[in-house]
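Trainee: I have just started learning to read protein structures. Could you walk me through one, feature by feature?

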Amino acid sequence: MNAICIRRAKTGDTQNVANLVQESWLVANQNLLPSDTANALAKSADIGGFVAGEWQSIWIAEINKEIAGVAGVNPAGVIWALYVRPDYQGCGIGSALYEAAINMLKLAGKRKAILEVMAANENAVAFYRSRGWVQEGRRTEHIPGFRFTAVRMGLALG
Ligand SMILES: CC(C)(COP(=O)(O)OP(=O)(O)OC[C@H]1O[C@@H](n2cnc3c(N)ncnc32)[C@H](O)[C@@H]1OP(=O)(O)O)[C@@H](O)C(=O)NCCC(=O)NCCS
């Protein structure tokens, strides 16, 4: 695989970032949520609007000038997104984006990082656990016809 380039997002990236988040989210959740629920959520969530408002906290992984993954990490220490394009998963892109996000928080002087992930997303929970994150809480969310549990995780930044 060609070299991974990690860079900050630009305003012109927002549509491509939103498309990637939606595609990766749907693939990650297709076995966790009923498919009609997953599709309805993906359609109803204003991912484009959210990404457009948060573009300054987004990091992008590019391969051959194509966006292969994104991380969203804000100054409060919240990693609010980590998504790799399904056809690029397992190639080290998520790890590279994760390292960039953690380094950014350390450089900003943050002592702690936090995030939330669906409890049923075992791949993601394992990804964070193997990097030292610990579970700090759980909450159950109700959406029409379905309920799911989100795990809140934290990491002390040395
Ligand atoms: C979780 C995710 C960001 C990891 O990114 P990635 O580029 O696939 O991961 P990497 O290639 O850097 O590998 C990181 C680890 O994940 C493991 N991994 C990668 N692909 C995997 C897969 N399909 N199934 C299980 N484990 C996998 C690797 O073995 C590696 O293990 P390690 O932590 O012990 O080193 C990515 O799979 C993804 O976008 N998933 C869908 C969205 C999501 O669930 N995001 C997180 C919640 S917001």
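Trainee: How many residues surround the ligand, and which are the closest?

Mentor: Before we count, keep in mind that this is a predicted model. The ligand has 19 residues around it, and the closest are A28, Q89, G90, G94 and S95.

Trainee: Which elements supply at least two residues each to the shell around the ligand?

Mentor: Helix 1, strand 4, helix 4 and helix 5 (122–129) each do that. Strand 4 gives the most to this shell, with four residues.

Trainee: How many nonpolar, polar and charged residues does the shell have?

Mentor: Sorted by class, the shell around the ligand holds ten nonpolar and nine polar residues, and no charged ones.

Trainee: Now the sheets. What holds the strands of a sheet together?

Mentor: In general, strands of a sheet pair through backbone hydrogen bonds, and the pairing is either parallel or antiparallel. In this model, four strands make an open sheet in the order 1-2-3-4, with antiparallel pairing. At its edges are strand 1 (5–8) and strand 4, each of which pairs on one side only. From one strand to the next, the twist averages 25°.

Trainee: How many bridges are there between strand 2 and strand 3?

Mentor: Strand 2 and strand 3 pair over six bridges, in the antiparallel sense. Find I60, then look across to strand 3: V70 stands opposite. Strand 3 also pairs with strand 4, antiparallel again, over five bridges. There, V70 has Y83 in strand 4 as its bridge partner.

Trainee: What happens in the turn between strand 3 and strand 4?

Mentor: Those two strands form a hairpin with five residues between them, and G77 takes a positive phi near 95°.

Trainee: Which helix lies across this sheet?

Mentor: Helix 4 lies across strand 1, strand 2, strand 3 and strand 4, and it runs at about 35° to strand 3.

Trainee: How many bridges join strand 6 to strand 7?

Mentor: Nine bridges join these antiparallel strands. Two pairs to look for are V134 with G154 in strand 7, and H142 with R147 in strand 7. Strand 6 and strand 7 form a hairpin with two residues between them, and G145 in the turn has a positive phi of about 80°.

Trainee: How many of the ten residues of strand 6 are buried?

Mentor: The count is zero, and strand 6 is hardly covered.

Trainee: Why does A81 count as buried?

Mentor: The idea is to count neighbours: a residue is buried if 20 or more other C-beta atoms lie within 10 Å of its own. A81, found in strand 4, counts as buried because it has 24 C-beta neighbours inside 10 Å. Not counting residues up to four places away in sequence, A81 touches V21, V70, A71 and G72.

Trainee: Is K106 buried, exposed or partly exposed?

Mentor: K106, which is found in helix 4, is partly exposed, with 13 other C-beta atoms within 10 Å. The C-alpha atoms of K106 and G158 are separated by 8.1 Å, while the two residues are 52 apart along the chain.

Trainee: Last topic: the largest nonpolar core. Which residues have the most contacts inside it?

Mentor: W59, V70 and A71 have the most contacts inside this core of 30 residues. Among the elements that each supply at least two residues are helix 1 (14–29), strand 2 (58–63), strand 3 (66–73), strand 4 (79–84) and helix 4 (93–107). Strand 4 gives the most, with five residues.

Trainee: What is W59 in contact with, leaving aside its neighbours within four places in sequence?

Mentor: The contacts of W59 are I6, R8, A9, V70, A71, V73, L97, A100 and A101.

Methods:
Residues numbered from 1 in each chain as written. Predicted model: local features only at pLDDT ≥ 70, side-chain atom pairs only at ≥ 80, totals over all residues. Core = buried A, V, L, I, M, F, W, Y, C linked by C-beta atoms within 7 Å. Buried ≥ 20, exposed ≤ 12 C-beta atoms within 10 Å, placed from the backbone. Contact = placed C-beta atoms within 7 Å. Near = placed C-beta within 6 Å. Nonpolar A, V, L, I, M, F, W, Y, C, P; charged D, E, K, R; others polar. Pairing = 2+ DSSP bridges. Axes fitted to C-alpha atoms, helices over the stretch in contact; angles between N-to-C directions.
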